[in-house]
Amino acid sequence: MAWSFHFVPLLLLLLLLSSTSAVATSGHSTGNATASLRPGREPLKHRRRVRALLGRLNKPPLNTIKSPDGDLIDCVPSHLQPAFDHPMLKGQKPLDPPERPKNYNSTIAGAAVVQAWHATGEACPEGTVALRRTTEKDLLRASSLRRYGRKPPRRTTRRDSTSSGHEHAVGYVNSEKYYGARASVNVWSPRIDDPSEFSLSQIWVISGSFGHDLNTIEAGWQVSPELYGDSNARFFTYWTTDAYQETGCYNHNCRGFVQTTNKIAVGAAITPQSVYNGRQFDINLMIWKDPKHGHWWLELGPGVVVGYWPSGLFTHLAHHARMVQFGGEVVNTRPPGSHTATQMGSGHFPGEGFDRAAYFRNLQVVDWDNSIIRASGLKLLADHPGCYDIQGGSNGRWGTYFYYGGPGRNVKCP
């Protein structure tokens with residue numbers, strides 16, 4: 001298979017800026033949010049705040065499914081989910097999904113997505129949505145209750161990520177107006193070197209400048225011990241409308257994303273994962289803008305429409321996106337002065353190819369005519385190629401694709 005590899009200088013990026021530890025506001029998490037509290041009344045006040053936040057995040061379920069991995073999946077009436085606490089959504093009900101974009105081809109989708117809780121054989125009834133319950137342990141791993149489930153604020157958003165602590169290997173397009181994106185990505189369980197770090201693979205739909213008005217919609221899989229308490233690969237979503245300052249969150253950790261399915265729980269573990277030199281398991285993701293109402297919909301393929309981000313959440317993305325990105329990201333906290341050994345993708349470099357390296361395939365975008373087309377003119381960027389790299393190509397079976405990832409710390413990445 002012929003490779004086409006090229007490296008792009010710093011056009012953007014910390015924009016990919018994605019995912020800083022969803023729960024930290026500065027420095028590393030202590031793993032115990034009460035460690036710095038003063039004795040006396042402060043711990044009691046903190047416990048009350050924990051209970052109050054749990055009450056806002058967890059809605060009364062019709063029933064609860066206990067997953068083999070320890071998660072609790074609540075079957076919540078769809079109109080009672082946290083999104084409908086938002087003033088903009090008060091009194092509304094979840095919408096029915098619009099038609100998929102033109103040229104939608106279901107044959108390129110991956111296998112049906114299975115989550116760990118499906119092994120119980122139980123299902124949430126019609127009229128409910130499957131929500132992963134937030135627990136007290138989840139909150140106690142956070143260093144800030146006020147910003148739980150968010151990325152930390154930044155004074156400025158830089159266009160390169162050389163010293164940001166975030167490292168990326170991505171493909172991106174930025175020459176048109178975009179109304180959605182689609183790709184298949186294989187799922188792994190990369191090793192995380194420090195609990196405050198994470199590794200993810202996702203699609204970014206982006207608009208606005210790289211200052212305080214950056215709008216993003218993000219979806220993919222993530223391994224984050226600090227956020228979820230384990231090393232499982234989990235399906236996740238994120239959004240922001242002000243460059244991660246005060247708006248947006250992961251999953252359902254704030255009001256915003258409206259879920260419409262009872263078959264998939266956002267934040268729950270995906271199973272199985274790909275095996276090195278063995279079976280590959282990928283998922284198909286599609287984000288697209290409803291031409292009629294302007295909401296941004298999310299499909300986890302084949303065929304499961306997960307929900308939508310209401311158009312009114314956004315400023316720039318209320319109209320269209322100016323950039324789409326696909327790829328991986330890790331947080332590097334540089335434990336005792338060296339590069340982290342947190343892996344991206346499979347933990348192997350892209351040159352190892354199929355069965356060994358992580359990949360994105362069939363990269364597509366949605367154009368002004370609501371048609372899905374190949375993501376032409378894809379640019380590749382690995383900002384630390386000795387640690388995590390990317391190589392791409394194109395063929396009749398996989399369309400536009402790339403392999404990406406790496407082990408982190410190694411002889412070329414000290």
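Some ground rules. This is a predicted model, where local features need pLDDT of at least 70, side-chain atom pairs count only at pLDDT 80 or more, and totals for chains, interfaces and linings use all residues. Residues are numbered from 1 along each chain as its sequence is written, and side-chain values use heavy atoms, with hydrogens and water left out.

Let's start with a sheet. Three strands form an open sheet, in the order β1-β2-β3, with antiparallel pairing. A strand here is a DSSP run of E, at least two residues, numbered from the N terminus. Two strands pair if DSSP finds at least two bridges between them. In general, strands of a sheet pair through backbone hydrogen bonds, either parallel or antiparallel.

The edges are β1 (63–66) and β3 (128–132), and each pairs on one side only. Neighbouring strands are turned by 25° against each other on average, direction ignored. For that angle, axes are lines fitted to C-alpha atoms, and angles run from 0 to 180 degrees between N-to-C directions.

Now look at β2, residues 72–77. Five bridges join β2 to β3. Cys75 stands opposite Ala130 in β3.

How many does the structure hold? Three. A disulfide means a pair of cysteine sulfur atoms within 2.5 Å.

Cys75 bonds to Cys124, with the sulfur atoms 2.0 Å apart. This pair links distant parts of the chain: Cys75 sits in strand β2, Cys124 in the loop between β2 and β3, 49 residues apart. The angle about the S-S bond is -75°, and the link is left-handed. Cys75 is buried, at 0% relative accessible area. Cys124 counts as buried too, at 5%. Buried means under 20% relative accessible area, using a 1.4 Å probe and protein chains only.

Back to our opening pair. Cys249 joins Cys254, S to S 2.2 Å. Both Cys249 and Cys254 are buried.

Then there is Cys387 with Cys413, sulfur atoms 2.0 Å apart. The torsion here is about 90°, so this disulfide is right-handed. Cys387 lies in the loop between β16 (379–382) and β17 (389–395), and Cys413 in the segment after β18 (399–405), so the pair ties together parts 26 residues apart in sequence. Cys387 and Cys413 are both buried.

To finish, the pattern. Count the bonded cysteines along the chain, and the disulfides run 1-2, 3-4, 5-6.

Note on methods:
Helix = DSSP H or I, 4+ residues; strand = E, 2+ residues; numbered from the N terminus. Buried < 20%, exposed > 50% of the residue type's maximum accessible area, 1.4 Å probe, protein only.
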